[in-house]
Amino acid sequence: MKSLKNIEKELTPKEIAESLIFPDTRSPKQREALLEAYSEHRKKGSAKQSEKAKLIALLLQLKFLIEDYIASDKFNKELYFGYFLKEYIQRLEKKNKEFAQEIDVDPAELSQIINRHRKPTEKLIFRLEIHSNRNFPALLWFKILEKERAYELQHNRNIIEDEKRHVKQRLEFSF
């Protein structure tokens, strides 16, 4: 049996890939018909799902998206607390005002949080956990904020420059 290194010496990556994947011998028309049949099968399967099952799938998808984002090392300015909160509300098919009433928050405060004009309070985060029946725990929401804060601390040099004037004495060494 040849090792991968020996195979790589003899073949290009494209040739290796072609040897491992079964070639599709269908004509474009046959392929299109097959894709259409598959699409129809998926539509029928989706139509059989209850509204509750669809909602659970949408919320699970959002939860996995949040968990993946938190676990990643990269910071994405587009994926902030308000973005995920807005997604949560939209997937529930609610208006912001209706959702604000459900969690006893002023609609203006909710809007400011969604639009990055205000940071969420702890009470809001705990209410999100309760509203989601603990499916979106407070810790998950806090981790989104923590990731945002860590990025701000690393990249906002103005804060450090402003705070330097308040430090009267420093250590003489660093490690």
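Is Arg 118 buried or exposed, or partly exposed? I looked it up: Arg 118 is partly exposed, because its relative accessible area is 39%. The terms I use are these: buried means under 20% relative accessible area, exposed means over 50%, and partly exposed lies in between, with a 1.4 Å probe and protein chains only.

**Entry 1. The model**

I note that this is a predicted model, in which local features need pLDDT of at least 70 and side-chain atom pairs count only at pLDDT 80 or more, while totals for chains, interfaces and linings use all residues. Residues are numbered from 1 along each chain as its sequence is written, and side-chain values use heavy atoms, with hydrogens and water left out.

I checked the confidence next. pLDDT is the predictor's confidence in each residue, from 0 to 100. The chain has a mean pLDDT of 92, and 99% of its residues reach 70 or more. Confidence is lowest in helix α2 (residues 13-20), with a mean of 79, and highest in helix α5 (residues 81-91), with 98. Helices here are DSSP runs of H or I with at least four residues, numbered from the N terminus.

**Entry 2. Helix α5**

I asked how many residues of α5 are buried. Eight of the eleven are, so α5 is largely enclosed by the rest of the structure. I listed the buried ones as Phe 81, Gly 82, Phe 84, Leu 85, Glu 87, Tyr 88, Ile 89 and Arg 91. These buried residues pack against α4 (51-71), α6 (96-102), α7 (107-114), α8 (122-131) and α9 (138-155). Contact means heavy atoms within 4.5 Å.

**Entry 3. The core**

I looked up the largest nonpolar core and found 27 residues in it. Such a core is a set of buried Ala, Val, Leu, Ile, Met, Phe, Trp, Tyr and Cys residues joined through side-chain atoms within 4.5 Å. Phe 81, Leu 85, Phe 99 and Trp 141 have the most contacts inside this core. At least two residues of the core come from each of α4, α5, α6, α7, α8 and α9. In soluble globular proteins, nonpolar side chains tend to be buried together.

I then followed Leu 85. Leaving out residues up to four places away in sequence, Leu 85 touches Phe 99, Leu 110, Ile 113, Ile 114, Leu 128 and Trp 141.

**Entry 4. Salt bridges**

I used this rule: a salt bridge is a side-chain nitrogen of Lys or Arg within 4 Å of a carboxyl oxygen of Asp or Glu. The count comes to ten salt bridges.

I went back to Arg 118. Its salt-bridge partner is Glu 109, and the closest N and O atoms are 3.7 Å apart. Glu 109 counts as buried because its relative accessible area is 10%.

I also looked at Glu 152, which meets Lys 119 in a salt bridge (3.2 Å, N to O). This pair links distant parts of the chain, with Glu 152 in helix α9 and Lys 119 in the loop between α7 and α8, 33 residues apart. Glu 152 is partly exposed at 28% relative accessible area, and Lys 119 is partly exposed at 46%.

Glu 152 forms a salt bridge with Arg 149 as well, with closest N and O atoms 3.2 Å apart. Both of these residues lie in helix α9, three residues apart, about one turn of the helix. Arg 149 counts as partly exposed because its relative accessibility is 44%. I wrote down the network of salt bridges that links Lys 119, Glu 148, Arg 149 and Glu 152.

**Entry 5. A surface patch**

I found a nonpolar surface patch of about 270 Å², made by Ile 56, Leu 60 and Phe 64. Patches are made of residues with over 30% relative accessible area and no salt bridge; like charges are joined within 9 Å and nonpolar side chains (Val, Leu, Ile, Met, Phe, Trp, Tyr) within 5 Å. The areas come from the Shrake-Rupley method with a 1.4 Å probe, and for residues only the protein chains shown count as cover. Leu 60 lies in helix α4 and is partly exposed, at 39% relative accessibility.

Which residue just after α5 takes a positive phi? It is Glu 93, with a phi of about 60°, although Glu 93 is not a glycine. Glu 93 lies in the loop between α5 and α6 and is exposed, at 70% relative accessibility.

Asn 133 also is not a glycine and has a positive phi of about 55°. I located Asn 133 in the loop between α8 and α9, where it is exposed at 62% relative accessible area.

Last, I looked up Ile 130 in helix α8. Ile 130 counts as exposed because its relative accessible area is 64%. The C-alpha atoms of Ile 130 and Ile 103 are separated by 8.8 Å, and the two residues are 27 apart along the chain.
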